2 protein chains.
Amino acid sequence: MKAAASSGSLLLSALLCASLFSSWFFSTSFAKHVVPGFPSSIVRPEQIQRSRDDWNGLYETKYYTQILDHFNFNPTSYKTFQQRYLINRTYWGGPKHNSPIFVYTGNEGDIEWFAQNTGFMFETAPHFKALLVFIEHRFYGKSIPFGGNKDVAYSNTSTLGYLTSTQALADYATLITDLKKNLSALDSPVVVFGGSYGGMLAAWFRLKYPHIAIGALASSSPILNFDDITSPYSFSNIITRDFKSESENCYKVIRESWQQIEHTAKHQRGLDILRKSFRICKNYIDGDALQGWLRTAFVYTAMTDYPTPSNFLNPLPAYPIKQMCKAIDDPTKGNDTFEKLHGAANVYYNTSGDVSCFDLNDNSDPHGLGGWSWQACTEMVMPMSGDTKESIFPASEYAYANRLAYCKAVYNVEPRPSWITTEFGGHNIETVLKRFGSNVIFFNGLRDPWSGGGVLKNISKSIIAIVAKEGAHHVDLRYSTREDPQWLQDVRKQEVHIISNWISQYYHDLAQAQ
Amino acid sequence: MKAAASSGSLLLSALLCASLFSSWFFSTSFAKHVVPGFPSSIVRPEQIQRSRDDWNGLYETKYYTQILDHFNFNPTSYKTFQQRYLINRTYWGGPKHNSPIFVYTGNEGDIEWFAQNTGFMFETAPHFKALLVFIEHRFYGKSIPFGGNKDVAYSNTSTLGYLTSTQALADYATLITDLKKNLSALDSPVVVFGGSYGGMLAAWFRLKYPHIAIGALASSSPILNFDDITSPYSFSNIITRDFKSESENCYKVIRESWQQIEHTAKHQRGLDILRKSFRICKNYIDGDALQGWLRTAFVYTAMTDYPTPSNFLNPLPAYPIKQMCKAIDDPTKGNDTFEKLHGAANVYYNTSGDVSCFDLNDNSDPHGLGGWSWQACTEMVMPMSGDTKESIFPASEYAYANRLAYCKAVYNVEPRPSWITTEFGGHNIETVLKRFGSNVIFFNGLRDPWSGGGVLKNISKSIIAIVAKEGAHHVDLRYSTREDPQWLQDVRKQEVHIISNWISQYYHDLAQAQ
């Protein structure tokens, strides 16, 4: 028996983390303004899957001397840092055969974590005879500029300023180009892969660096979740739909619970009642924090509503939303809303059943995701915190002013909310890319709340949307299991088929050019 | 009668400019290492063309508050500067009709100068009902960061560091996006135009910002003159070919003259002989400088070997290479090589016949091109200074080490010679763009020495190379004249036709999307 904190309430911690998120996200009106950490912050190493006990031998760890600033030429720009990348040569056919190179464009966290959660690349590498490379995103994991010292790198805006998506893409371009030279593999085609923010980077990389990557598999990449392209209600609407689709009663119970919690928290001994009902450890309780803790469970369960048991923050059963609603609809619980909700929360926080009490005050960040808060305060202004009247969460309006105030207060920085669409586009993407670009797969699972900001329709013959009605957040990139449903097997087959075609076409073009 | 200096030996000055070019370009071995200023530095306002006496009324001058650093978010990046742009609304059909916007992506100099030399845009605007916008490149003309103070902006690497092509492209993206919003013209298609470095920027802009520009006319843009893609001998080879094609004797006389000048300069009273032969003013003479002065004449005459009289640095006759060779082949000059060369130089420096003596020591830079030297020391490492044994210039090898030494000495900066190809590509461009991208016209005239680094073959159905055997440096963008040969008229017609198709297709796609 242990407290949830130790088994990893990372997401909660990412949300609660006092120094980064508290003032805005968790002000008095928490439930209205909560913004989940970026999608992939949910993903965790599945340490014991497919009979593997550890990841030793799956990849070598290397470091690349990377330039700090690709876009300027002042003295600071010439500083360098050590960028980590993981490499697996087991399956590579080598440069003589121009065998392909599969590159994962790292997201906002430790690259080992992403590598370990991208089984698709390991599983398809033998078929493609592919070299596997996983590149860590600057400022995350062990790829910390300013001498590798995170305290320095994260100390102020002068140093944090270099944490941007465009610099990260240029890092990937530079590293891949040099790596190919060093491997004498100039003619090996590169395909980039990524999920969530990493998927956004993969798609953008293909669009901005077509001379380096012949194609991109961008899984669950909400590249349209910027500016006014996607409704700020979309995110919550999908979560609402997810729960409603399981059970109308489940949706109603959750929807009505927020006021009950607020009400109870205000009453004498109300917090004690809540603590008892939800088995909260004795160190900390607060109505807003409890709401945040529950909301986190609902949001991340929707994101990871996978068809097979998974092992993320905490082990989750297959179809966890169904399990949550089962707990809520449990006739033995009568009308005890808190007990029902506790049952639902248990699905997310305590499937194993060995948690004695839940710690609402856990600020740990084992995967180093804190930098996302800076990115959200500069480029990554993704309006997705609105709730309609029908939302499973309390109604609220998205307000950029809140973000601005938070970012000014915490970082003394002003976001550039239009920058991402200026740099990467997004508006009228069908018209723009209909006759421009090629070889991108956008995968989205419609149960994933981020799918609302994804590309859901084919744009051209080779800019393809694969949409899985029952899919969740980058489920396609995960290791396969024997229990995978047919649709998931089909998605992966389709992806392999498309990537095969890219590579064949590349070889054909290469032969013609020579 | 006046000295050449006052009528504008800009190119010479750009080449000689002590603070920027002297130590490397004009060291003891001048003739071996001379590098012409960038292509467009030759182009000058044709102030009296088509009966216009001045440019008043042709455009309004506006300023846009531009961000200093688009790719970082440190405090310096938030600084802004006033970016100049010129706008002409005379022909615009307006936002109601989604009439097009033609944007010139400014090069390394005063934007008025480029606007006045891009008659093609003014002449085609009525047909397209196009709004015309000419955006000045940061650090040039009146678009000077750091308070508009050029002394400050150019004072050291910390300030100059922000003078880069990627920042310039992001400037254009930001300005165009904002301008369209302000004009309520979100659906107006944007086509970008540029010649020389401006053409490179136009092509790259279409490739990097397809969501902002539907197509690009990139005229005489040597985007392949980087890294090892184009032979460093190509530039001189084309000049050699140009002169040889007029007259084998002309080529031989020039080719053999370099040693004679060197030899004479070393002898007693040799400089006096040279001064007299070439009508050099009394203030300055030197064998290397004289060679540089002649080389400049040959290089820039080749670049601007237009089929009609033009008015650049100095007025030039039609087919000026033919005129130069006429002077050299003049049978009345007997065997006097210097007299022949003086006749050739006269074509370039003194067509009007009113120059009494030539000033080798003119450092003026009326169009503010000095910043190119910085760009050539950071990103724009274009290997094009090699001469084979057959070259019209003395044989020499391109050596990156020379560039490096120069840049370290003058700026204390180290170039990143592989950056441009990493960021924008270039290697195997046919294979890369065969199935990626669309709507780019690459115009090249084969008499232009820069055409060796241009795209000379169609890459796809809509990435088109227009190659004019008799064309010179972005001749297509110039104002038309009554004397234009048929091939030039045809080139412009073809360009108009292609751009019309882009716009029609855009309207078609737009209608479908709505």
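Between domain 1 and domain 2 of chain A, five residue pairs are in polar contact, both residues of each pair being at pLDDT 80 or more. The model is a predicted one. Two salt bridges are also found across this interface of domain 1 of chain A and domain 2 of chain A. In a salt bridge between the two side chains, A:Asp305 meets A:Arg447 at 2.5 Å, N to O. On the side of domain 1 of chain A that touches domain 2 of chain A, the residues comprise eight nonpolar, six polar and six charged.

The domain assignment of chain A places residues 60-227 + 419-513 in domain 1 and residues 233-350 in domain 2. The C-alpha centres of these two domains of chain A are 34 Å apart. Their contact involves 20 residues from domain 1 of chain A and 19 residues from domain 2 of chain A. The size of an interface is often given as the accessible area lost when the parts come together. For domain 1 and domain 2 of chain A, the buried area is about 1400 Å², and carbon and sulfur atoms give 57% of this area. Of the area that domain 1 of chain A buries against domain 2 of chain A, 45% is supplied by A:Arg447, A:Pro449 and A:Arg478, more than by any other three residues.

About 4500 Å² is buried between chain A and chain B, with 54% of it on carbon and sulfur atoms. Within chain A, the residues that lose the most area to chain B are A:Phe73, A:Arg416 and A:Phe436, which together account for 19% of what that side buries. Each chain is represented in the contact, with 57 residues from chain A and 57 residues from chain B.

Four salt bridges are counted between chain A and chain B. In one salt bridge, the side chain of A:Asp509 meets that of B:Lys434 at 3.4 Å, N to O. Among the elements of chain A that give two or more residues to the side touching chain B are α8 (157-160), α10 (197-208) and α21 (486-513). The largest share of that side, seven residues, is provided by α9(A). By class, the side of chain A that touches chain B contains 20 nonpolar, 25 polar and 12 charged residues.

How values were computed: Residues numbered from 1 in each chain as written. Chains lettered and ligands numbered in written order. Predicted model: local features only at pLDDT ≥ 70, side-chain atom pairs only at ≥ 80, totals over all residues. Heavy atoms only, no water. Contact = heavy atoms within 4.5 Å. Buried area = accessible area lost by both parts, 1.4 Å probe. Helix = DSSP H or I, 4+ residues; strand = E, 2+ residues; numbered from the N terminus. Nonpolar A, V, L, I, M, F, W, Y, C, P; charged D, E, K, R; others polar. Domains from an automatic or database assignment. Polar contact = N/O pair within 3.5 Å; in protein donor to acceptor, adjacent residues only side chain to side chain.
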